[in-house]
Amino acid sequence: MLPHAPGTAGETSRSPARTDWLGSLLLVLGLGTATVLMLGSGDTPWSGQDTAVLLTACVALAAFLAVQLKVPAPTLELRMFGSPAFSGAMLAVLLSRVLTIGGSVHLVLYFSDGLGMSPTGAGLLMTPIFLAQIVMGMVGSKLIGERPPGLVIGSGYALKGAGLALLITPDSPWWALVVPLLAWGAGGGIAGAPVMAVAVRVKAPERVGMVAGTVSTLASLGAGVGTAALGAVYALRGGSGAEAVTDGARAVLAVSAALAVVAVLTTVTLVSPRRVPATEPASAPAPAPAEEDGDPAPAGK
């Protein structure tokens, strides 16, 4: 998320707002140190250096939030999260990346070490996810104009959760996993496409850039946090050997399916039709000018 100086139409004659360099620096410091901590090896014991890194990340992020509430042109407008629909959309972005990136990492391990597939075969077996996500993403973008957005996003997460739950089935051959993988990808496509539309629709047009930056930041956070959190779940149940890898991957998939259920409930609740403005219909053509007696003027007159 880059520092910015937001402005609105009609304010071009005024001096531009000052860029929030301090907030941006604190955000980079907090996210950077948190990423370093998550990238650390899980085999090494917790050390004093890890504690210092954790405290640095917490202090930097807390200072960032405090600065955002005081500066006139914040990097992240925290008041945007006062809208339940916006908060629901941003939570959907975060959970989507947690499930997609964090789950995919351990799913590939399951294919290669648990099912004994080659690296090429494991990569090819992931293809249904991305193909279904691309196709159903276009479907989701059309459904958002015809159905309540919360219902569309929630349906996508429900389909994604169903795919994750079916992947937990023990002793499944690789070909039996194609349908659950298609469901996972289709659900991600349906849920992901409308999120940006909802976030933009509930905010003023001049906030579009800030909304896009928030989406990008939360997506990156979700990828990192998801990989680290689901990695911790895997470490509790997994290990070396095909059986241990399978147990760890199934534990990750079970937690991911539970998170998908949470995403369905929160999205349907927060992103309700009464909280998301409907798209404005196309304006009707202006009536023809009337004559003095009240009859419309003939064409060409």
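Is Val135 buried, exposed or partly exposed? Val135 counts as partly exposed because its relative accessibility is 44%, where buried means under 20% relative accessible area, exposed over 50%, and partly exposed in between (1.4 Å probe, protein chains only). Val135 sits in helix 5, residues 127–143. Together with Ile134 and Met138, Val135 makes a nonpolar surface patch of about 300 Å². Such a patch joins nonpolar side chains (Val, Leu, Ile, Met, Phe, Trp, Tyr) within 5 Å, from residues with over 30% relative accessible area and no salt bridge (a side-chain nitrogen of Lys or Arg within 4 Å of a carboxyl oxygen of Asp or Glu). Areas are Shrake-Rupley values with a 1.4 Å probe.

The model is predicted: local features need pLDDT of at least 70, side-chain atom pairs count only at pLDDT 80 or more, and totals for chains, interfaces and linings use all residues. Residues are numbered from 1 along each chain as its sequence is written, and side-chain values use heavy atoms, without hydrogens and water.

The chain holds 9 helices and 0 strands, taken as DSSP runs (H or I, at least four residues; E, at least two). Of its 301 residues, 38% count as buried.

Nonpolar cores are sets of buried Ala, Val, Leu, Ile, Met, Phe, Trp, Tyr and Cys residues joined through side-chain atoms within 4.5 Å.

| Core | Residues | Including |
|---|---|---|
| Largest | 32 residues | Phe86, Met90, Tyr157 |
| Another | 16 residues | Leu107, Leu164, Ala249 |

Terms used:
Patch = residues over 30% accessible without salt bridge, like charges linked within 9 Å, V, L, I, M, F, W, Y side chains within 5 Å.
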